[in-house]
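Subject: Structure for you to look through

Dear colleague,

Please find below the structure that I promised to pass on, followed by my notes on what was found in it. I would be grateful if you read the notes with the structure open beside them.

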Amino acid sequence: MKHRIVVLGAGYAGAYTAGTLARRLSPADTGITVVNAEPHFVQRLRLHQLAAGEEIAAPPLAEVFAGTGIRLRQARVTAIDPERRTVALADADGGGELAYDTLVYALGSRVADHGVPGVAEHAFDVAGRPSALRLRERLDDLGRRGRGRQVLVVGDGLTGIETATEIADMRPGLSVTLVARGELGASLSAGARGHLRRACDRLGVTVLEHTEVAAVEAGRVRCADGTALASDATVWTAGFAVGPIAAAGGLDVTEDGRILVDRTMRSASHPDVYAVGDSVHAIGDNGRPLPMSCASAGYTGRPHGGDRGTADRPRGPERQAGVRGQPHQPGAAGRDPADGRRGRAGEAHVHGRTEGRADQGGHRQDVAVGHRAPDLRRTQAQAPPGRATGRGRDGGRVTP
């Protein structure tokens with residue numbers, strides 16, 4: 001009987017891991033199934049561009065995995081049962097259960113509201129393709145109403161910076177304000193901060209520093225000091241959080257719900273479960289937890305996980321399968337789904353351009369702010385690894 005590998009999620013980490021395993025393992029010994037709620041691959045690091053008005057490709061996952069032997073199951077994961085080695089699914093046909101021998105948990109993250117009232121009801125976000133498209137529709141509507149409509153971006157991490165500058169660049173008729181709880185770009189080098197401020201000035205982005213948001217309401221944002229900021233569209237970019245499925249299934253997790261793993265990304269509590277991407281609490285080579293980011297997705301999704309010293313030996317789900325490898329297969333296995341080129345750990349290539357990069361362990365962090373907005377990659381020194389940059393993401397650490 002074939003060893004059954006089930007990969008939950010087909011974002012950067014899940015797609016990369018599934019493709020790499022399909023390329024390295026023999027189909028005579030293993031069967032790989034990828035479960036994803038949506039039929040397309042979402043370039044999450046470019047969703048702020050999609051919201052601002054650019055056309056961003058979303059290739060069908062069936063094409064991404066064509067020729068790899070991977071089975072694609074479009075369904076929503078509702079629960080996992082590590083004791084029975086099953087996954088509960090919901091789909092158009094009613095769902096069911098999917099059994100596994102090895103599970104790769106790559107369900108990613110979602111926007112974190114940090115308990116601020118009104119975020120879910122009144123704010124937009126760029127954490128997913130549907131939400132980015134809703135924001136795009138709103139911006140289109142504001143543009144039809146005439147110049148000067150107010151767009152308020154809450155969050156001083158790189159998601160907020162990229163979103164604010166991209167909207168200002170693509171839609172100059174709108175008035176864009178970026179609300180930062182602390183100093184804008186505080187984690188960046190002095191040169192990068194100066195570059196960022198000059199870019200905001202050039203693009204007409206108003207920056208409100210040391211401003212804490214207490215509530216989001218229809219048509220305005222209330223600040224902790226009692227002031228109110230008018231807003232025709234409030235965009236929430238103040239961090240990311242994981243869902244409750246791993247914790248509910250009994251896996252050992254951190255306080256914020258991320259799965260505890262060893263250096264091969266193996267669950268600390270269930271040896272037949274591995275975690276990659278935003279879902280995992282992994283320690284980088286610098287001894288610090290990796291942030292939620294596209295760069296971390298590549299690092300955690302390598303066949304040997306974070307164990308650099310054993311790169312020549314089968315590790316992670318590959319070792320768990322206990323089967324022989326094979327030469328390269330045709331199709332997209334092991335390649336970056338965004339453009340079909342073979343990816344490498346810690347780097348996300350998109351349409352011939354490196355959006356951001358962190359080395360193996362999050363030591364270096366290069367960033368891109370906006371498509372034609374400031375490019376901090378040329379000026380940023382080694383920022384603290386509280387933030388890696390493949391998506392311009394905040395890793396759940398940035399608060400409004």
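An open sheet is formed by five strands in the order β3-β2-β1-β7-β19, with parallel pairing, where strands are DSSP runs of E of at least two residues and helices are runs of H or I of at least four, both numbered from the N terminus, and where two strands pair if DSSP finds at least two bridges between them. Because β3 (71–74) and β19 (273–275) stand at the edges with a single partner strand each, one side of each is left without a neighbour in the sheet. On average, and with direction ignored, neighbouring strands of this sheet are turned by 20° against each other; angles here run from 0 to 180 degrees between N-to-C directions, and axes are lines fitted to C-alpha atoms, for helices over the stretch in contact.

Before going further, please note that this is a predicted model, in which local features need pLDDT of at least 70 and side-chain atom pairs count only at pLDDT 80 or more, whereas totals for chains, interfaces and linings use all residues. Residues are numbered from 1 along each chain as its sequence is written, and side-chain values use heavy atoms, with hydrogens and water left out.

Within this sheet, β1 (residues 3–8) is mostly covered, since five of its six residues are buried, where buried means under 20% relative accessible area, exposed means over 50%, and partly exposed lies in between (1.4 Å probe, protein chains only). β1 runs parallel to β2 (residues 30–36) and is joined to β2 by six bridges; Val6, for example, has Thr33 of β2 as its bridge partner. Helix α1 (residues 12–24) lies across β1, β2 and β7 (102–105), and runs at about 165° to β2.

Five strands form another open sheet with parallel pairing, in the order β9-β16-β10-β11-β12. Here β9 (123–124) and β12 are the edge strands, each with a single partner strand, so one side of each is left without a neighbour in the sheet. The pairing of β10 with β16 (residues 233–236) is parallel and extends over four bridges, and the bridge partner of Leu152 in β16 is Thr234. Helix α6 packs on the sheet, where α6 touches β10, β11 (175–179) and β16, and the direction of α6 makes about 170° with that of β11.

The axes of α6 (residues 158–170) and α7 (residues 190–203) come within 9 Å and cross at roughly 30°, which means that α6 is roughly parallel to α7 (angles under 35 degrees count as roughly parallel, over 145 as roughly antiparallel, 65 to 115 as roughly perpendicular and the rest as oblique). On the side of α6, the contact is made by Ile161, Thr165, Ala168 and Asp169, and on the side of α7 by Leu196, Cys200 and Leu203, with contact meaning heavy atoms within 4.5 Å. These residues divide into five nonpolar, one polar and one charged, where Ala, Val, Leu, Ile, Met, Phe, Trp, Tyr, Cys and Pro count as nonpolar, Asp, Glu, Lys and Arg as charged, and the others, Gly among them, as polar.

**Three loop residues**

Gly148 lies in the loop between α5 (129–144) and β10 (150–154), and counts as partly exposed because its relative accessibility is 42%. Leaving aside neighbours within four places in sequence, Gly148 is in contact with Gly173 and Ser175, and the C-alpha atoms of Gly148 and Val176, which are 28 residues apart along the chain, are separated by 9.0 Å.

Most residues other than glycine have a negative phi. His114, in the loop between β8 (110–111) and α4 (119–122), has a positive phi near 55° and is partly exposed, with a relative accessible area of 35%. His210, in the loop between β12 (206–208) and β13 (213–217), also has a positive phi, of about 55°, and is exposed, with a relative accessible area of 60%.

**The chain as a whole**

The chain has 10 helices and 22 strands, and 56% of its 400 residues are buried. Of the contacts between residues at least 6 apart in sequence, 66% join residues at least 24 apart.

With best wishes
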